[in-house]
Amino acid sequence: MIAGLRRLSYIGANFFSEDAVTQIRQKLLVLYVHSPDLHSAAVAWSLYDGTGQDRSSSGDSEEPPYASVVAAMQDGWRVVQFPQQYPAYPGMEYNTSYLKYEYILEKMEEIHGG
Amino acid sequence: MVDKQHLLNSKQMAQFVADGLLRFDELVPDELNRAACAEMEAGVLRGKAGVPMDELWQDLAIGQVIRLPAIQGMIDSLVGPGPLYDHHAVHTVNANHEHGQIWHADAIIDTRMHFDVQFFYFAHDTPREMGGTMFLPGSQYRRVSESDIARYQNFLGQMPMVCKAGTVAVAHHGIWHCAQPNLTDNKRYMFKLRLNPTVRQKKLWNTDDIDDAEIPGLLNANHRWYGNEVRLEAVNRIKMWRFLTGDDNFDLSYWLSRLENAPENELRAA
């Protein structure tokens, strides 16, 4: 294999081995945690798999895949989006809506196909 | 008016305020369940939104289910006598359907303290491999518009309705929920009915136990999935309990009392 091609594949390029086409696809893990602390406990989660190997949907697991964002990072997931923090709008201090501490993580995985 | 023995009690109301739903297992007799299943297969005629609920389904098994004293007791306790029919739906999940529905709250953002109720009636056995409806206890005060929450897939504390025939859940209109996959060879049915109040929702239940020592603990339930926002959830429950009881001084853990303490008395000079 020509040096550097594997690294190039991380930005979406295809590369060719002797007998198969290997491509890179993105998996997204969305973790919602207890507080802005990345060590805090995961309380909700979603998985979106661009490799086509997995089709997650609502209610398909009872426990989070990782205990925290940091635990997922230790397993190779890269944080690609950090939640911003905003002060409450006046008059809306006690309103609740979406989960605030949402971290989006990715893994790039090879898929094999012709 | 339904007999007092069929009304909810204060502890059940506190649980409803905290969780956003109550569940009653195997409430409906089997023969009614079988008749209701047959009606759902054939289709249940829709009423006009806003008509008195009492006028609907006089000759149907579904009507008999709604008129069961226990269900009338829930209605009277939560939305009061003489509620209006909003809409109903016979929800189905086809056999061997492998994907869960997206999480959603029904209708749109609703800023009222006044609330509608939705009945979820499971007329046949619903084991986990058949679904049923997944609820997220404690989600009812979150201001979201229908499928805005579809990105979420799983939460700590999510609760699938795995139940025997005749089980009924009654929920605040804002509760987050979704249908679950049906991996069996049989179609799944669930009957949902939404009702609107026509009277002020204040002490409509059996309040004999209004001072029960367990009520603060029930209202303080931590469902875990909202993490650090548990105290904001408590504030919303305090506000709802004040609305339902008319007691503007009610509090939990002093959360609102300290915020409402803004003295204006000026100290007199000696």
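A residue is buried if 20 or more other C-beta atoms lie within 10 Å of its own, exposed if 12 or fewer, and partly exposed in between, with C-beta atoms placed from the backbone. The structure is a predicted model, in which local features need pLDDT of at least 70, side-chain atom pairs count only at pLDDT 80 or more, and totals for chains, interfaces and linings use all residues. Residues are numbered from 1 along each chain as its sequence is written, while chains are lettered from A and ligands numbered from 1 in the order in which they are written.

**Exercise 1.** State what percentage of chain B is buried.

Solution. Chain B has 270 residues. Buried residues are 42% of them.

**Exercise 2.** Classify B:Trp57 as buried, partly exposed or exposed.

Solution. Start with the position: B:Trp57 sits in the loop between α2 (30–42) and α3 (61–66) of chain B. Helices (H or I, at least four residues) and strands (E, at least two) are DSSP runs, numbered from the N terminus. Next, the count: B:Trp57 has 21 C-beta neighbours inside 10 Å, so it is buried. As for the backbone, its phi is positive, about 55 degrees, although B:Trp57 is not a glycine.

**Exercise 3.** Locate the cis peptide bond at B:Gly132.

Solution. The bond joins B:Gly131 and B:Gly132, with omega about -15 degrees. B:Gly132 lies in the loop between β3 (117–122) and β4 (133–136) of chain B.
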